[in-house]
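Please look through the structure below before reading on.

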Amino acid sequence: MNEAEELLATAEWDLPPERHRHVKDVLMQQIDHDTRRAEQPSLRRRFARPAVLVPLLSAALAGVLLTTLTGGGHTPAAEASGASGTLNRIATAAMASDTVPVRDDQFVYVRSLERANTGTFTGPVKLGALHTEEHWTAQASRPLRITGWLRSSGKDAVMPGQLIPVDATEPVPQGADRPTYRWLASLPTDPEALLARLRKEARPVEGESTDQAVFSLIGNLISGTIMPPANAAAFYRAAAELPGVREIPDAVDATGRHGIAITLDDTGFATRDEWIFDRKTLALLGSRFYITDPERGITTETLAGTSAVLETAVVDRKGEVPARAAAR
């Protein structure tokens, strides 16, 4: 097993989103190194979203895998208020959606535009080029070892054009680490009860508060899955109850679309996520991810990743592309 494979082996579903992001930083550097040594590096593991790794490479995503990776130009001095009211309006809009239930034998397809950190793990942030990521997340309720599939394209994409399995070392049951439609539908729709459940599911990393971990978990779930409208609304209303949640009046996703952002401040932690929503429709546009790490020379909050959700759909097979995406 070479160093890249060892890194991939550590990027399992049981890692929290921030740890996934750091693992991905290291992984991307190692992949770049291995690519210079061989035309076809042997990589096989999982996906890590948005941001996040979702197990192998990228809600996630993701997505995690990078899932939910995020990023963008935050103005710390900007006054932001009314986050709870905005989240409740988003919840109301989510309740009005006409989501069709997803069967156990289907896949949730998410196509996103991503821009991630390509700098060294120990050095400053260097944002790479925008590239497309497609994720197919398996919905089977039984434990799975291959939990989905990933395909990237464009400059700075990982193994562009190849359909890569999201492969865990052990079968992963449905749950917070592998959120299926069936599991999401089983969660409480009462915001307080859901928040209590999420606080049990979240796994904070060192220096991170439980509420920050919950915020990151919710971000992964709303960006990389399909769920019943009542459950989606409950996630937004639960987020509105988190202390420190606030609104940013203007934020930009990876495509340049402007919207309202929701974030949660945790001054004791090195990273911060933003969820970006369309001002009119209140649909999720994408996310941004910031980092502050003096040990790496990052002394001011710096954009470390950005994403834009382009399409979410249900398909019957891995690798299948919805008609709307195929027509573009």
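Is T180 buried or exposed? T180 is buried, because its relative accessible area is 0%, where buried means under 20% relative accessible area, exposed over 50% and partly exposed in between, with a 1.4 Å probe and protein chains only. This is a predicted model, in which local features need pLDDT of at least 70 and side-chain atom pairs count only at pLDDT 80 or more, while totals for chains, interfaces and linings use all residues. Residues are numbered from 1 along each chain as its sequence is written, and side-chain values use heavy atoms, with hydrogens and water left out.

T180 sits in the loop that runs between β4 (164–172) and α4 (181–185); helices (H or I, at least four residues) and strands (E, at least two) are DSSP runs, numbered from the N terminus. Leaving aside neighbours within four places in sequence, T180 is in contact (heavy atoms within 4.5 Å) with A138, Q139, A140 and Q174.

The strands form an open sheet of 9, in the order β4-β3-β2-β1-β9-β8-β7-β6-β5 with antiparallel pairing, where two strands pair if DSSP finds at least two bridges between them. At its edges are β4 and β5 (245–252), each pairing on one side only. Within this sheet, β2 (residues 131–138) and β3 (residues 144–153) run antiparallel and are joined by 6 bridges, and the bridge partner of T132 in β3 is S153.

Helix α6 (residues 210–224) lies across β1 (107–116), β5, β6 (258–264), β7 (271–277), β8 (284–293) and β9 (298–315), and runs at about 40° to β7; axes are lines fitted to C-alpha atoms, for helices over the stretch in contact, and angles run from 0 to 180 degrees between N-to-C directions.
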